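Please look at the sequence and the coordinates before reading on.

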Amino acid sequence: MDLINQLKLYAKRFINKRTPKNPKAVFFYPHENCRFDGYDILNGESDNVLCLFNDMIRDSRFNDYEFYILYYHDERIDSYKDYCKEFHPQRIHFIRFRNKKATRKAIARCYTIFTDSDYIRIQYKVSTQRGVCLNYFGGLIKNEFHRLEKHGGYQKMLEEQKEMHRLYDYHLSISDICSKFIALDNCHYYPNFVPLGFPRNDILFQDHSALRKQIEELVGFKFKKLVTYVPTHRDYENSTREFYDESKAKTRSIWGHVSEDELDALEKTLAETETLIIAKVHPVQDALTNVISKEASKHILFYKDLAQNIKTSLNPLLAISDSIITDYTTTVYDFLYMDRPIIYYFYDIEQYRATRGFFIEPIEAICAGHITYNISELQNAIRDIANGKDPEKQKRQFLRQLFIKNIDDNSTKRIKEFFFPVK
């Protein structure tokens with residue numbers, strides 16, 4: 001950091017420190033991917049911060065609290081205000097994402113700051129405030145550790161841990177073992193972790209059967225099995241990432257570099273098994289690269305097209321899915337709550353291993369489902385789901401008990417009781 005920016009940061013911290021903190025003022029900072037996914041307070045069932053915000057504005061115990069909520073979609077501000085009219089709107093303050101000055105002033109008034117991701121670094125936070133990362137998750141299947149390991153080594157890791165300890169007083173997780181993994185992989189301070197669960201996973205236990213009917217009306221046919229496909233982004237395909245490889249960043253299907261014959265065979269399998277796949281491309285991949293093509297298929301519905309017609313988000317979709325197809329995304333640990341079959345599609349595992357890599361090797365040891373490496377194997381796994389087969393059930397249930405401390409819909413309740421205990 002150069003001298004000018006350092007002086008500016010000192011000034012921001014000084015102002016923040018001098019600003020009186022309201023112990024009943026809370027700042028909510030949703031995940032920045034909401035810009036691409038379209039999530040907001042009207043449709044926030046897949047973002048931890050938005051879920052917590054929506055719960056707390058309805059809880060009469062917080063009627064005398066001041067809430068500051070960061071929003072990303074300028075054109076929706078009037079609908080946000082209308083939505084909050086019945087929840088004591090005078091205490092709810094909307095802060096525009098790009099208005100950095102207003103954001104700093106709002107945060108300076110608040111004792112509690114909730115973020116959805118540790119990527120949010122409020123450098124001017126002071127010791128009279130508490131920062132709480134409700135957690136995007138990370139760790140276990142994706143390797144974050146390499147960033148510091150390869151760029152500064154041990155000394156850089158210690159600096160990162162010290163900085164994160166200053167910025168965040170608490171990190172949430174779904175179990176103690178996950179806390180340990182995440183702390184090590186992200187160079188966080190382990191004693192700051194609290195396994196209270198994630199608010200977004202309470203959504204999984206609600207009744208979303210109406211959504212399934214809406215999807216059937218949208219696609220125009222009934223299906224026996226609904227499978228959500230949630231692939232993550234690839235660093236080697238993203239020109240903004242360190243491991244970008246132009247030679248490998250070629251236009252491809254969502255299933256990788258596969259032939260038309262393979263796509264036709266997959267479509268035939270989906271038709272025969274009466275299976276609908278909803279493909280939710282990672283927002284980073286969708287927004288920042290031009291790699292993925294959108295092939296026509298009656299039995300594959302892209303999430304973006306779904307969201308344009310039906311108000312929904314990922315977690316309600318997971319709640320009604322009979323299975324998911326995943327790769328290296330941490331969404332698998334949300335779906336693990338449902339105790340339903342999981343398919344891993346590792347079509348580029350060696351490329352991924354050579355770039356982003358895995359925090360645990362062999363990765364297969366912690367995969368709670370059927371592992372496939374090509375379209376043919378993927379088809380067989382889909383047929384298994386359609387025929388009611390669940391070959392990895394025993395392993396999945398073991399890992400479910402290992403990775404999830406509380407398999408219930410009380411995460412939000414535990415968070416409120418922990419941070420705002422009734423006196």
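The structure, a predicted model, holds 29 salt bridges.

Q: Is glutamate 75 buried or exposed?
A: Glutamate 75 pairs with arginine 76 in a salt bridge, with the closest N and O atoms 3.7 Å apart. Arginine 76 has a relative accessible area of 25% and is partly exposed. For glutamate 75 the relative accessible area is 62%, and with the cut-off for exposed at over 50%, glutamate 75 is exposed.

Q: Which residue forms a salt bridge with arginine 166?
A: Side chains of opposite charge can pair when their charged atoms come close. The N to O distance is 3.3 Å, and the partner is glutamate 163.

Q: What is the relative accessibility of glutamate 163?
A: Arginine 166, its salt-bridge partner, counts as partly exposed at 28% relative accessibility. Glutamate 163 also counts as partly exposed, because its relative accessibility is between the cut-offs of 20% and 50%. The value for glutamate 163 is 23%.

Q: Within what arc do the buried residues of α7 fall, seen down its axis?
A: The buried residues in α7 are Gly153, Met157, Glu160, Met164 and Leu167. They line one face of the helix, because seen down the axis of α7 they fall within an arc of 95 degrees.

Q: Which residues are exposed on the other side of α7?
A: An α-helix has 3.6 residues a turn, so residues three or four places apart point the same way. In α7 the buried set includes Met157 and Met164. On the other side of α7, the exposed residues are Tyr154 and Lys162.

Q: Is arginine 414 buried or exposed?
A: The side chains of arginine 414 and aspartate 408 meet in a salt bridge, 3.0 Å from N to O. Aspartate 408 has 19% relative accessibility and counts as buried. Arginine 414 has a relative accessible area of 17%, under the 20% cut-off, so arginine 414 is buried.

Q: Which residues do salt bridges with shared partners join into one network?
A: Aspartate 408 and arginine 414 form a salt bridge at 3.0 Å. Salt bridges that share partners also make one network, and the residues joined in it are Asp55, Asp59, Arg61 and Lys416.

Q: What is the area of the nonpolar surface patch made by Leu3, Leu7 and Tyr10?
A: Leucine 3 lies in helix α1 (residues 3-18). Leucine 3 is exposed, with a relative accessible area of 60%. The patch made by Leu3, Leu7 and Tyr10 has an area of about 340 Å².

Q: What is the relative accessible area of threonine 372?
A: Threonine 372 lies in strand β13 (residues 370-372). Beyond four places in sequence, threonine 372 touches Ile343, Tyr344, Tyr345, Phe346, Glu377, Leu378 and Ala381. Threonine 372 is buried, and its relative accessible area is 0%.

Q: Which residues does threonine 331 touch, not counting those up to four places away in sequence?
A: Threonine 331 lies in the loop between β11 (323-326) and α14 (332-335). With a relative accessible area of 10%, threonine 331 is buried. Beyond four places in sequence, threonine 331 touches Val230, Leu314 and Leu318.

Technical notes. Residues numbered from 1 in each chain as written. Predicted model: local features only at pLDDT ≥ 70, side-chain atom pairs only at ≥ 80, totals over all residues. Heavy atoms only, no water. Helix = DSSP H or I, 4+ residues; strand = E, 2+ residues; numbered from the N terminus. Buried < 20%, exposed > 50% of the residue type's maximum accessible area, 1.4 Å probe, protein only. Contact = heavy atoms within 4.5 Å. Salt bridge = Lys/Arg side-chain N within 4 Å of Asp/Glu carboxyl O. Patch = residues over 30% accessible without salt bridge, like charges linked within 9 Å, V, L, I, M, F, W, Y side chains within 5 Å. Areas by Shrake-Rupley, 256 points an atom, 1.4 Å probe, with all protein chains shown as cover. Arc of directions from axis to C-beta.
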